[in-house]
Amino acid sequence: MSHRILIVGCGSIGERHLRCFQRTGRAELAVCDVNDSLLATVSQRYQVPGFRDVGAALAAGSYDGVVICSPAHTHLGIAVQALRHGAGVLIEKPLSTRIDDVDALRSAVAAAGKFAAVAYVYHFIPGVAAMREFLRGGSLGRPLQVSVVAGQHFPTFRPAYREIYYTRHETGGGAIQDALTHVANAVEWLVGPTGRLCCEAAHQALEGVEVEDTVCVAARNGDVLVSYTLNQFQAPNEVTIQVHCADGSVRYEGHEQRWSVFRRGDSGWTHYAAPVAERDALFVSQAHAFLDGLEGKPTALCTVEEAVQTLKFNLAALESARTGKAMTIP
Ligand SMILES: NC(=O)c1ccc[n+]([C@@H]2O[C@H](COP(=O)([O-])OP(=O)(O)OC[C@H]3O[C@@H](n4cnc5c(N)ncnc54)[C@H](O)[C@@H]3O)[C@@H](O)[C@H]2O)c1
C-alpha cells in the first residue's frame, strides 16, 4: 500500500526523512519549507511537489501522514494542524520546547483518532533494541544503576550549528535539548521514567554560540540511579550506555557497533555485533515503522506519552542547571 506523506521542513533531518521514506518504496512524498530556495532545491533533487508552508500543502491535497522536521518550538502547532486535517503525525525530537501545548496535542490526537509518534531514533539502533529485549528477559535481575558517557565534535557533524535552531533554548538548542534528550529517552525506554534529577551544564568550547555544550546529570529513574556525562566538543564520536543489574551488566557501545553482557562469575564481556551499515538505515527502519503505525500495526516508535516524559526531563535539566537545585518530575 502506498501512503501519501508530507515532510514539513526540508533542512538537515527533513531531507534525510524524505530520502529514507522514498527508500521504503511504500510512500508518495511531498515537502514544504518556508525557505523558498531550499524548497526549490530539495523538491527538484527528489522530484517531489513542494509547498511554501504547511497550510498551502494541506490545502492542496490530503495526506495519510505528516513528518514534522521543523525546529522544536514549531512542532506542536504543526502537529495539531496536520491531525485536524486527518493525517497521522511523526514528530522530530524533542517533542517541543514547552510543556504548555502538550494538552492541545493530546486532544487533537484523540479527536482525529490518528496514529502519532515521536522520532527518537535510538529506538531503531539494533544494539539498543537488542539490549532492551535482553533486559526485559530479566536474566540479570533488577537494573540498579545506569551510566551514560557520550560525546562528539558537533561542528564536524553540523558545520552550520551557528545558523540553526541550535543557538537558542527557545528554538530547541543547546546540548540538553539537542543531544542529551536522545540518550535520556533511550534510558527511559530501557529502565523507566526519570522522577528526579540534578544537572550541571556549561558552555565550554563551541565557538559562536552561548548555549551549553557540556552536561553532567545525576538522576533517579524509579529505583535505578542514573548518571549522564555528555559534551559536543570532544574529538571521539562515542556513546556508551551501561546498565548494571543485580546479577550482571549489559552495555551498548555505539562507536563499536555492538552490545555486550558480563554475568556475575564471567571473566570478561561477551560481545554481540549490531552493525549499522549507514546512518540512513536507522531512518529507513523508522520510516517503515511509521507506515506500519498508519496501518494500525504495532511499532517500536517512541509514543507521544514517552516523549512528553522526555520533554519533562529536558525542561527539568534546563531548570536545574539554571537554578542549581534538584528537580522532581511529577
Ligand atoms: N533525529 C535526529 O537524529 C535529528 C537530527 C537533527 C535534527 N533533529 C531535529 O529535527 C528538527 C529540525 O532539525 P534540522 O537539523 O533539520 O534543522 P534545519 O534548520 O536544518 O531545518 C529546519 C527546516 O525547517 C524549516 N522551517 C522552519 N519553520 C517552518 C515551518 N513553520 N514550516 C515549514 N518549514 C519550516 C526551515 O526553513 C529549515 O529549512 C529539530 O527538532 C531537531 O532537533 C533530529
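Reply: A residue is called buried if 20 or more other C-beta atoms lie within 10 Å of its own, exposed if 12 or fewer, and partly exposed in between, with C-beta atoms placed from the backbone. Helices (H or I, at least four residues) and strands (E, at least two) are DSSP runs, numbered from the N terminus.

The model is predicted: local features need pLDDT of at least 70, side-chain atom pairs count only at pLDDT 80 or more, and totals for chains, interfaces and linings use all residues. Residues are numbered from 1 along each chain as its sequence is written.

Take α1, residues 12-24. The helix has 13 residues. From first C-alpha to last, α1 reaches 19 Å, close to the 18 Å expected at 1.5 Å a residue. That expected span is 1.5 Å times one less than the number of residues. After α1 comes Gly-25, with a positive phi near 70°.

Now burial. In α1 the buried residues are Gly-14, Glu-15, Arg-16, His-17, Leu-18, Cys-20 and Phe-21. Their cover includes the strands β1 (3-8), β2 (27-32) and β4 (65-68). The helices α2 and α9 are also part of that cover.

The partner to look at is α9, residues 279-294. The two helices pack at about 65°, with axes 8 Å apart. Axes here are lines fitted to C-alpha atoms, for helices over the stretch in contact, and angles run from 0 to 180 degrees between N-to-C directions. Angles under 35 degrees count as roughly parallel, over 145 as roughly antiparallel, 65 to 115 as roughly perpendicular and the rest as oblique. α1 and α9 are therefore roughly perpendicular. Their crossing is right-handed; in that case the near helix is turned clockwise from the far one by less than a right angle.

Which residues make the contact? From α1 come Arg-16, His-17, Arg-19, Cys-20, Phe-21, Arg-23 and Thr-24. From α9 come Asp-280, Phe-283, Val-284, Ala-287, His-288 and Leu-291. In contact means C-beta atoms, placed from the backbone, within 7 Å. An α-helix has 3.6 residues a turn, so residues three or four places apart point the same way.

By class, this contact of α1 with α9 has six nonpolar, three polar and four charged residues. Nonpolar covers Ala, Val, Leu, Ile, Met, Phe, Trp, Tyr, Cys and Pro; charged covers Asp, Glu, Lys and Arg; the others, Gly among them, are polar.

Key. Contact = placed C-beta atoms within 7 Å.
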